[in-house]
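Hi,

Here is the structure I promised to pass on.

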Amino acid sequence: MHRDAEFVLGLDVGGTSSRALVSDLSGRVLGCGEAAGGNPNSHPADEAVRQIATATLTALRDVDPARVRAGVIGMAGVSKMADPQFRELFEREWARLGLDCGLRAISDSEVAFAAGTPEPTGTVLIAGTGAIAARIEQHRLTRTVGGYGWLLGDEGSAYWLGREAVRATLAALDRGETLHGLTAAVRETLLPDNPDAQRKQLISAVNSAPPIRLAELAPLVTKASDPTATAIIDHAARVLADTAAETRTPDDRTPIVLAGGLVAPANPVGEALRAELTSRGFPEPHTAGPGAAGAAWLAAHDLTPDPAALHARLLPA
């Protein structure tokens with residue numbers, strides 16, 4: 001046990017996973033934990049608290065919880081933390097873990113920005129199942145653009161890519177074209193037992209499933225290399241760049257941080273987006289590191305004399 005040091009705790013809580021990280025004030029990572037999704041917006045309150053606690057307990061395995069001075073938890077829909085039922089369950093579990101430090105609840109956008117840069121102000125663009133851009137001022141969220149969900153927007157997201165792939169497939173069938181490349185892959189994925197399926201069967205297959213299932217088709221787009229897939233990827237890059245641009249003035253040189261699976265450097269959408277941002281004269285974007293590390297850095301920010309050095313150690317480029 002590290003008995004003489006003081007620590008911070010960072011939590012990055014999503015719908016599919018919950019991650020925790022404990023570090024000392026020099027940036028040395030002392031423990032990490034992971035559990036299933038703990039976002040109370042997508043899970044029952046008791047299950048959400050259980051998963052957050054599981055990740056936290058693992059991260060605290062070799063740490064005296066009484067020495068944790070500050071904590072930050074980031075999640076989408078962070079206002080749910082104020083729900084009385086969830087709050088009561090959470091505070092009870094927090095005390096059971098032996099933690100008595102303050103815990104600041106913030107948005108996943110603030111955590112993602114901090115995971116990409118130590119600068120206090122700029123733009124974060126998150127593209128995964130959904131898509132959203134946010135303006136961060138002095139490490140605080142001040143404005144969001146997009147993020148309306150699959151029904152109203154999320155242009156450039158995994159859902160959007162899947163939908164565009166199906167639309168391209170249906171358009172090819174309407175033109176009487178033989179499906180190949182991406183469009184053939186879409187038909188095979190949606191109707192594997194019906195290789196000759198036409199528009200009616202494809203429409204029925206999509207409409208009989210939850211709309212968000214279209215996001216599962218996104219890898220078909222990013223793995224294909226035919227002109228149809230390339231056109232969709234290029235379009236995604238343009239609309240994502242448009243979303244980011246709405247958070248900035250034309251002469252803004254503050255950082256842009258990219259977060260989410262779709263905008264990773266090895267992802268074709270991420271590569272196309274970086275090229276699009278460069279062509280528009282944006283600063284070279286940063287790629288967000290682990291969200292739990294970004295949350296831990298924010299927890300430690302006011303406790304260390306050199307936040308930039310701490311960031312470099314917790315989140316090396």
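First, how I assigned things: helices (H or I, at least four residues) and strands (E, at least two) are DSSP runs, numbered from the N terminus, and two strands pair if DSSP finds at least two bridges between them. This is a predicted model, so to speak of local features I needed pLDDT of at least 70, and side-chain atom pairs count only at pLDDT 80 or more, while totals for chains, interfaces and linings use all residues. Residues are numbered from 1 along each chain as its sequence is written, and side-chain values use heavy atoms, with hydrogens and water left out.

Contact means heavy atoms within 4.5 Å.

Strand β2 (residues 17-24) runs antiparallel to β3, with seven bridges joining them. In that pair, S17 stands opposite A36 of β3.

How does the length of α1 compare with what its 15 residues should span? At 1.5 Å a residue they should span 21 Å, and the end C-alpha atoms of α1 are 21 Å apart, which agrees; the expected span is 1.5 Å times one less than the number of residues.

Several α1 residues are buried, among them A45, V49, I52 and T56. Buried means under 20% relative accessible area, exposed over 50%, and partly exposed in between (1.4 Å probe, protein chains only). What covers the buried residues of α1 includes β1, β2, β3, β4 and α2 (84-96).

**The β6 to β10 sheet**

Another open sheet, also mixed in pairing, has five strands in the order β8-β7-β6-β9-β10. Here the edge strands are β8 (140-146) and β10 (286-287), and each pairs on one side only.

Strand β6 (residues 122-127) has partners on both flanks. It runs parallel to β9 (residues 256-259), joined by four bridges, and antiparallel to β7, joined by six. L125 shows both pairings: its bridge partner in β9 is L258, and in β7 it is A133.

β6 and β7 form a hairpin with three residues between them. β7 and β8 form another, with two residues between them, and Q138 in that turn has a positive phi of about 55 degrees. Six bridges join β7 to β8, antiparallel, and I136 stands opposite L141 in β8. Five of the seven residues of β7 are buried, so β7 is largely enclosed by the rest of the structure.

Helix α8 (residues 227-245) lies across β6, β7 (131-137) and β8, running at about 145 degrees to β6.

Cheers

Technical notes
Axes are lines fitted to C-alpha atoms, for helices over the stretch in contact, and angles run from 0 to 180 degrees between N-to-C directions.
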